[in-house]
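Here are a few exercises to work through with the model open in your viewer. Try each task yourself before reading its solution.

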Amino acid sequence: MAVKKEEIQKKVIDIVVERMEVTRDRVTPETRLIEDLGADSLDIAELVMEFEEAFDISIPDDEEGVRSVGDAVDFIVKQLEEAGE
Amino acid sequence: MSEGRRVVVTGLGIVSPMAPGGPDTWEGIKAGRMAIRRIQGFDTSGHKTKIAGEVDEFGIDRFMSNKDARRLDRYAQFALVSAGEALQDAGVEFEESEGVRAVKGGISAERVGVIFGTGVGGMKEFEEQTCRLVAKGPSRVSPFLIPKLMPNACAGNIAIYWGLKGVSFSASTACASGAHSIGLAADSIMSGRSDMVVTGGCEAPVTPVGVAGFENLGALSSRNEDPETASRPFDKERDGFVIAEGGAALVLEEYEHARNRGAGIYAEFMGYGFTSDAYHITAPDETGEGPARGIRLALEAGKVSVEDVGYLCAHGTSTPYNDKIETLAIKKAFGEEAARKIPVSSIKSMLGHSLGAAGAIEAAICCYAMRDGVIPPTMNYTTPDPECDLDYVPNAAREADLKVVLSTSLGFGGHNACIVLKRI
């Protein structure tokens, strides 16, 4: 099954917009969760959980590569591709 | 103790099922309006109990965004809103100068504390996340669960929001939590450790598990068909309390500090009596000795005589046991003859019983009562009970020149807390 990156990106941005209560124009793949949106550790924990639930994946607690919205999208795409293989 | 430090009430805030805010809640109580209704917050079809005192829109958005409010359980939202109203009512503003936060025209924020009570804490959040655990597994339990359910989240969030850096903790003594918090807050000021403390109590127990727990304990009224008459303290036909939610905050302040910044003063906090029944975890000691000692200790601490007491704001839950034993305790404390001369009423007849919030709501109402010279009524009083034979101010508010009032709170666990306030 091919993973559609655009769809995943849209869904990730939807979640970030809703949970962080920011306007959509503030959220692009380059947007950094902590530095640009002011997320704290609890926000990050909640976002990770939302991503896990939305995409039915598991994100390890020590996953440190996810800083921006784009990082999250790439991580999810990779996970889904591996799961599809 | 720093001898001579006096404590006054300079601000009030209430979140109640009656109306938004302290002034409108007081107006409703003076008019004898009922705030009990069929539960709207959840589906009660499986519950025996279908009535409660529920809070409608209470304006959390005046203080924080949705995103921030989602981090607080409903119970702590009540605390935050009532505390905000009380600080505004007290005319307290803050300023920062060279990194030091202080009350405008007053002391450093390091001398301002928060002592806030709750009987249970974040029950709603705990229930919702427990359901998620069962339905979806542990990995789906919210990271906000712990910071929302913890019973000190009320005090912690008030301190964080207002930048209050002095003493800060929560007291938990079931239905006496509010009164205990107020007494401890006054202590902190009298002893010289604080100059101002935001205190009070809050509770949001009208949840599926909360209501089921209390109904299975046999504590709740079964008058589902007539919600407005269900809470009937001291009446012979009473059959249990009506569970309710809410919160109230008082700004307590050292007298000279309040005067120097030109604050309005509702009342002086005179003293308290804290005792324990040391008897049973839910049932009161039938001798009434625990609350009677509490009342006597409060009068002694407040240096007021029995004749000075113009009104006793009773715990008066509307359970068969409480009202009978509280009546006995009042008679033991004052003596039969003197007790019959003191007006005693229960505002729970209108608001229901909001557990850890109740003592704080009642203390705030006592302040309004003294200011306006009006004693709140006990509504739904129709059939006298030979075992409850005091003046309960039945069914209509009464004008009276009130100088000293006493408020009693009696909690599961045998915790008794009585406080004395005086008009100055």
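A salt bridge here is a side-chain nitrogen of Lys or Arg within 4 Å of a carboxyl oxygen of Asp or Glu. The model is predicted, so local features need pLDDT of at least 70 and side-chain atom pairs count only at pLDDT 80 or more, while totals for chains, interfaces and linings use all residues. Residues are numbered from 1 along each chain as its sequence is written, chains are lettered from A and ligands numbered from 1 in the order in which they are written, and side-chain values use heavy atoms, with hydrogens and water left out.

**Exercise 1.** Find the salt bridge between B:Arg70 and A:Glu46, and work out where each partner sits.

*Solution.* 
- Step one: the two side chains meet at 3.1 Å, N to O.
- Step two: the pair crosses between chains, with B:Arg70 in the loop between H2 and helix H3 (74–89) of chain B, and A:Glu46 in helix H3 of chain A. Helices are DSSP runs (H or I, at least four residues), numbered from the N terminus.
- Step three: check accessibility, where buried means under 20% relative accessible area, exposed over 50%, and partly exposed in between (1.4 Å probe, protein chains only). B:Arg70 is partly exposed at 26%, whereas A:Glu46 is buried at 8%.

**Exercise 2.** Describe the interface of chain B and chain A.

*Solution.* 
- Step one: count the residues in contact (heavy atoms within 4.5 Å). Chain B gives 14 residues and chain A gives 12 residues.
- Step two: take the buried area, meaning the accessible area (1.4 Å probe) that two parts lose on being put together, summed over both. The value is about 1,100 Å², with 47% from carbon and sulfur atoms.
- Step three: in chain B, the residues that lose the most area to chain A are B:Lys67, B:Arg140 and B:Pro143, together 46% of what that side buries.
- Step four: look for charged pairs, and the rule finds 8 salt bridges across this interface. One of them joins A:Asp43 and B:Lys67 at 3.2 Å, N to O, and both residues are buried.

**Exercise 3.** Which residues touch the most other members of the largest nonpolar core?

*Solution.* 
- Step one: a nonpolar core is a set of buried Ala, Val, Leu, Ile, Met, Phe, Trp, Tyr and Cys residues joined through side-chain atoms within 4.5 Å.
- Step two: among the 46 residues of this core, the answer is B:Leu252 and B:Leu421.
- Step three: helix H14 (residues 358–372) of chain B supplies the largest share, 10 residues.

Technical notes. Helix = DSSP H or I, 4+ residues; strand = E, 2+ residues; numbered from the N terminus.
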